[in-house]
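Hi there,

Here is the structure I promised to pass on. Have a look at it first, and then read on for what turned up.

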Amino acid sequence: MNQVTPRLKVVIAILSLLLTFFVWQRGLEESFDRPSVAPTLIINQREIALLAEPALPEPFKKVLVGSSPETALIETLSEIPLKEMGPRQKLLLASFEDSVDQRVNLLQDSISEPNLKLVKNLLLKNFSDEDNLQLNLKKLKQARLDPLLYQRSCLFIGVNKDLCIDKSVSNAMAFRLAGSQFMPSFAVLMGIGLILRQSWRFIRKANTPWPDVSSIPLSLIDMVLLIAGGFVLLGEVISPLFSLSFIDSFAYGLSAPIKESLKVFAGYIGMTVPPLFIYRRQINNIKDAIQPIGGWAQWHFLPIKKAFADAVQGWLIITPFVLLTSLVMNLFVGDPGGSNPLLEMVLMSKNFWALGIIFFTTAVVAPLFEEFVFRGVLLPVLVDKQGRFLGVILSAFIFALAHLSVGELLPLFVLGIGLAFLRLSSGRLFPCIIMHSLWNGVTFVSLLLLSA
């Protein structure tokens, strides 16, 4: 359907595109200043490994915690500049030190928190046989310390190892450690198997031909207006000003974690309104066009079982590629930082309701909206106008850029390619939503397992 594009429409599209370049450039630059969650994840994993070691059977120790989890944690903490270490990290590192001078150097700064101050005083004392171990142990038990800091302080003052190690904590940490390592390992192994299977089918020309994708009769100018104008300018820049103000007034008196999670939810919901409104107007302007079965986005919810099977297979296949991309980046570039702020919120939050709101936002709302926009609308139009190869690349690149996270740019680009392939190979949008939800959900659970 060829229509003459109104001049005003073109002007608005060009202005939207220019402003979007500016917004995305600023967003990516600002993401450099955001801390990466990678160092925190490494430290948390090594702390969990140290706590889990007593509960692990001998055959599994080397696989799950390495030859010496204590040494690994000391090395990781030692790599942090002293000025950047928090009081707890200094106390932990000091608890491993045999040298009094080294402990004094680590703990020279004052600590205001009473329980941490108690640990500091114990670490700076020279214990002798006359010291009342039972009294010090009682003080430690009364202090609200996390399990590792309690264990290290208990061992430092000379209490028997069996009394310092909480078996229930060790068992829980062993479960968390095994879960955090099993999920990605299982996904990678299964993914490699499926990749080999699909490659063999391709060589034998036994793959099922991809169905035709019904493109929405919209132009590239329409896509610029939808993504640049609706998603970025109105959705990411303007809409949050209203939604966040609403939460500030509505959530007055709520605890900080719940309030912050509600801001995430409201901000995301507010971001969806402008592009959906623009899309609705664009669809209403289409004349004499026959809508395909399943709608323009080709949702095709049924059969549900096949949708879930395709989604799980797509998730398994793309996981090795995404993890390999992250590994190559770390090897050649290092940690670029710029992690999504939501990752840190999940790692640091201990509020059940706050975590529930974040999970619903990331595992339900985000996949539903993003898949509709990027794989339901944008991808088919790009494939129709630019061809399958360029359409997949462009849609994945725009998808990655829209997250404004320099550290996750390449992994998200690879994920976007996987989601695009699933959309084209299945001819359905619903499996993409499930796969996206599965990706975000597994990431969420992995972060919980490694949270402090």
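Which backbone oxygen lies 2.7 Å from a polar atom of the side chain of Ser451? That oxygen belongs to Leu448. Please keep in mind that this is a predicted model.

Let me stay with Ser451 for a moment. This serine sits in the segment that follows α19, the helix covering residues 430-449. With a relative accessible area of 12%, Ser451 falls under the 20% cut-off, so it counts as buried. Its contacts, leaving aside neighbours within four places in sequence, are Asn44, Ile48, Arg176, Val346 and Leu347.

Ser261 is part of helix α13, which runs over residues 256-284. Ser261 is buried too, because its relative accessibility is 0% and the cut-off is under 20%. Here the side chain reaches the backbone oxygen of Ile258, at 2.8 Å. Once residues up to four places away in sequence are set aside, Ser261 touches Met345, Ala354, Ile357 and Ile358.

Three helices each supply at least two lining residues: α11 (167-203), α14 (304-332) and α18 (409-426). Which helix gives the most to this lining? That is α14, with seven residues. By type, the lining of this pocket divides into 11 nonpolar, nine polar and five charged residues.

Finally, the chain as a whole. It has 19 helices and zero strands. Along the principal axes, the C-alpha atoms fill a box of roughly 95 × 55 × 35 Å. Of the 452 residues in the chain, 46% are buried, and Ser261 and Ser451 are among them. If you take the contacts between residues at least 6 apart in sequence, 76% of them join residues at least 24 apart. As for the surface, the chain exposes about 24,400 Å², and carbon and sulfur atoms supply 64% of that area.

Conventions:
Residues numbered from 1 in each chain as written. Predicted model: local features only at pLDDT ≥ 70, side-chain atom pairs only at ≥ 80, totals over all residues. Heavy atoms only, no water. Helix = DSSP H or I, 4+ residues; strand = E, 2+ residues; numbered from the N terminus. Nonpolar A, V, L, I, M, F, W, Y, C, P; charged D, E, K, R; others polar. Buried < 20%, exposed > 50% of the residue type's maximum accessible area, 1.4 Å probe, protein only. Polar contact = N/O pair within 3.5 Å; in protein donor to acceptor, adjacent residues only side chain to side chain. Contact = heavy atoms within 4.5 Å. Areas by Shrake-Rupley, 256 points an atom, 1.4 Å probe, with all protein chains shown as cover.
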